[in-house]
Amino acid sequence: MLIQAEALNRVYRSPLPGQSWGERFARLIRPKWSETHSVRDVSFGIARGECVALVGPNGAGKSTTIKMLTGILAPSSGRVSVAGFDPQRDRRAYVKHIGVVFGQRSQLWWDLPVQDSFRILQALFAVPEATYQQQLNLFRREGGLDEFWLRPVRTLSLGQRMLCEIAASFLHAPEVVFLDEPTIGLDLEMKARMRELIRQINRDAGTTVLITSHDVGDIEKLSQRLLLIDHGQLKFDGSLAHFRQSAGDGHWWAAKLGGDRDAAQALLAGHPAGLAVRHNGDWLEVARDERLPLPELLQLLAPFAIHDIKPVEQSLEDLLHGFYLAGKVGAREAA
Amino acid sequence: MSTLRACYQLALANGRVTATDRKGRLIICVGYLLGMWLLYWLWRGLYLNDPSRAGLDFATALTHVATAQTLFAIITTPADWRLAREIRSGEVASQLTQPMNLALRHGAMALGAVAAKALYMLPAFALFLWWAGLNLAPSSWPLALASLACSFVLLYCLAFIVGLAGFLATDLWGIIASKDAVVQFLGGALIPLAFFPPTAQTLLHVLPFAHFFNTPVAYLTGQLHGLESLLIQASWALAFMLFAHLASQQVQRKLVVFGA
């Protein structure tokens with residue numbers, strides 16, 4: 001595994017203020033702390049060349065996890081290994097092997113032209129000229145970097161700047177790239193361009209990508225695998241297809257009938273497969289299952305005058321929304 | 001070699017950022033010349049009834065103060081403000097994902113800013129010297145330049161250490177203003193150290209204070225000839241570098257532990 005996280009924990013401590021003056025004075029000498037578990041017992045492995053999405057609601061612990069993986073935050077306990085490095089201990093040597101984009105931060109020089117920022121990064125990462133040109137060419141060709149290559153960074157639009165940030169993170173041909181909300185605030189066209197570039201580099205150069213995003217499009221278009229984190233805990237680790245199958249309320253057939261819907265429901269409920277049947281507005285829905293193939297279903301419902309029939313699948317956004325909501329309800333109940 | 005190249009690129013970049021603000025440059029030079037003009041009349045007034053004070057004549061005292069104030073304007077860099085801002089905004093996190101020492105990075109950038117400021121402020125300084133009928137006469141330019149380099153290291157390291165306080169305090173205005181006041185007053189930038197009592201002078205020479213401005217100015221004006229002061233200054237510069245390095249390690253450990 002290129003990235004290995006084992007039983008990662010991150011606890012933030014903050015001082016508790018005293019209630020009285022005496023208590024405040026006492027706590028200057030012996031402070032009391034409250035503890036918040038930002039990440040709790042998270043373990044996963046990511047193989048070389050994978051593109052994995054780390055998703056979760058706000059405050060779930062995604063950025064904390066990314067910070068621990070990039071070496072700027074030490075885990076309270078647990079172990080991280082990326083490309084054979086301990087990110088915290090070997091930080092200076094390690095960062096040469098990774099690229100990082102924090103959507104809210106910039107590694108470019110505000111007042112200088114884009115090309116100068118890239119030359120500085122080339123010098124900082126000691127990138128050979130051939131590698132520099134090769135990495136850059138893709139972004140010049142596919143990303144249209146040349147349009148604003150000579151313009152100061154401060155004059156760029158958000159989309160142009162993010163394109164530069166992403167290009168900068170790939171400049172030294174890193175083994176792993178961590179993208180923390182890379183498409184935040186971008187328009188549809190720029191998002192599509194950005195996703196295509198990331199996908200191309202992941203596919204052609206085999207660069208491992210770990211991306212956090214609230215944008216379902218980023219997850220669907222880029223990643224093959226999902227790490228779902230909530231309340232600091234890893235709740236799901238698997239393929240996108242598996243998540244679609246296992247999350248939410250499953251897959252259904254929805255039929256609009258001209259005849260008696262209650263009678264149709266009773267008929268389907270009595271089927272030996274014992275599938276779930278429900279009303280949903282004007283539609284009668286039955287769980288999709290191989291034990292009740294579509295031709296048989298059509299045959300069963302034929303006496304009830306089928307006006308329309310369609311498969312029903314929840315979108316990834318709905319599935320994630322349901323997942324987050326369940327997490328909130330669970331947390332409230334636990335409290 | 002690659003570290004040197006990175007330092008060069010950072011120095012060049014920050015030098016360009018500092019030098020490209022044409023209006024800002026003009027305002028700084030005009031303000032500087034106005035300040036020098038006021039300084040001239042202030043010291044002229046001080047020497048009106050007495051041709052010699054603290055063993056210095058008017059021209060020597062004014063040359064000292066004018067040179068020291070110019071050095072203060074050129075080699076004092078806003079590394080403290082920048083670092084504190086980057087710590088508070090979390091921008092330092094991006095820098096920690098780049099393979100370069102934080103102190104070296106800011107040092108290179110400070111050097112670039114100093115070089116840029118020297119380019120546009122030294123002509124203004126020369127203009128003032130010509131107008132006031134003063135001149136610099138160092139007995140040894142190599143010693144004077146070495147002393148200037150040590151002075152830059154001392155001031156930068158101090159600014160860097162103060163900037164690290166951004167991790168502890170939100171508003172550093174008070175700390176930085178106090179630092180600048182102490183450095184100028186006890187460093188001989190406001191009045192030559194010859195005006196201080198002899199015991200204080202000795203103490204300030206042994207401690208780092210005199211070496212912020214008094215020592216390089218004394219080399220530039222020909223008041224110092226030997227190596228002794230430069231060696232003391234260089235020793236302090238090394239001590240400050242070590243201290244800045246240790247402080248940086250300590251704070252980075254804290255940054256790493258508590259997050260950026």
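This briefing covers annotated segments, cysteines, aromatic pairs and charges over rings. The model is predicted, so local features need pLDDT of at least 70 and side-chain atom pairs count only at pLDDT 80 or more, whereas totals for chains, interfaces and linings use all residues. Side-chain values use heavy atoms, with hydrogens and water left out, residues are numbered from 1 along each chain as its sequence is written, and chains are lettered from A and ligands numbered from 1 in the order in which they are written.

**Annotated segments of chain B**

- An unreviewed UniProt entry carries the annotation "transmembrane region" for residues 26–43, 55–75, 108–131, 143–169, 181–204 and 224–244 of chain B; positions are given in the numbering used here, feature names are shortened, and annotations may be inferred rather than shown by experiment.
- Residues 55–75 of chain B are 86% helix and 10% strand, with the end C-alpha atoms 28 Å apart, where helices (H or I, at least four residues) and strands (E, at least two) are DSSP runs numbered from the N terminus.
- Residues 224–244 of chain B are 81% helix and 0% strand, and their end C-alpha atoms are 28 Å apart.

**Cysteines**

- Zero disulfides (pairs of cysteine sulfur atoms within 2.5 Å) are found over all chains in a search of the whole structure.
- The sulfur of C150(B) is too far for a bond, because the closest cysteine sulfur, in C157(B), is 11 Å away.
- C150(B) counts as buried at 13% relative accessibility, and C164(A) counts as buried at 0%; buried means under 20% relative accessible area, exposed over 50% and partly exposed in between, with a 1.4 Å probe and protein chains only.

**Aromatic rings**

- Over all chains the structure holds 18 aromatic pairs, in which rings of Phe, Tyr and Trp (its six-membered ring) have centres within 6.5 Å, planes under 30 degrees apart counting as stacked, over 60 as edge-to-face and the rest as tilted.
- One of these is the tilted pair of Y156(B) and F160(B), at 5.9 Å centre to centre and 40° between the planes; these residues are separated by about one helical turn because they are four residues apart in helix α7 (residues 141–164) of chain B.
- W236(B) and F240(B) form an edge-to-face pair, at 6.2 Å centre to centre and 90° between the planes, and both lie in helix α11 (residues 228–258) of chain B, four residues apart.
- W236(B) is partly exposed at 25% relative accessible area, whereas F240(B) counts as buried at 12% relative accessibility.
- One aromatic cluster in chain B includes Y40(B), W41(B), W43(B) and Y47(B).

**Charges over rings**

- R24(A) lies over the face of W21(A), 4.8 Å from the ring centre, the criterion being NZ of Lys or CZ of Arg within 6 Å of the ring centre and within 35 degrees of the ring normal.
- R140(A) lies over the face of W149(A), at 4.6 Å from the ring centre.
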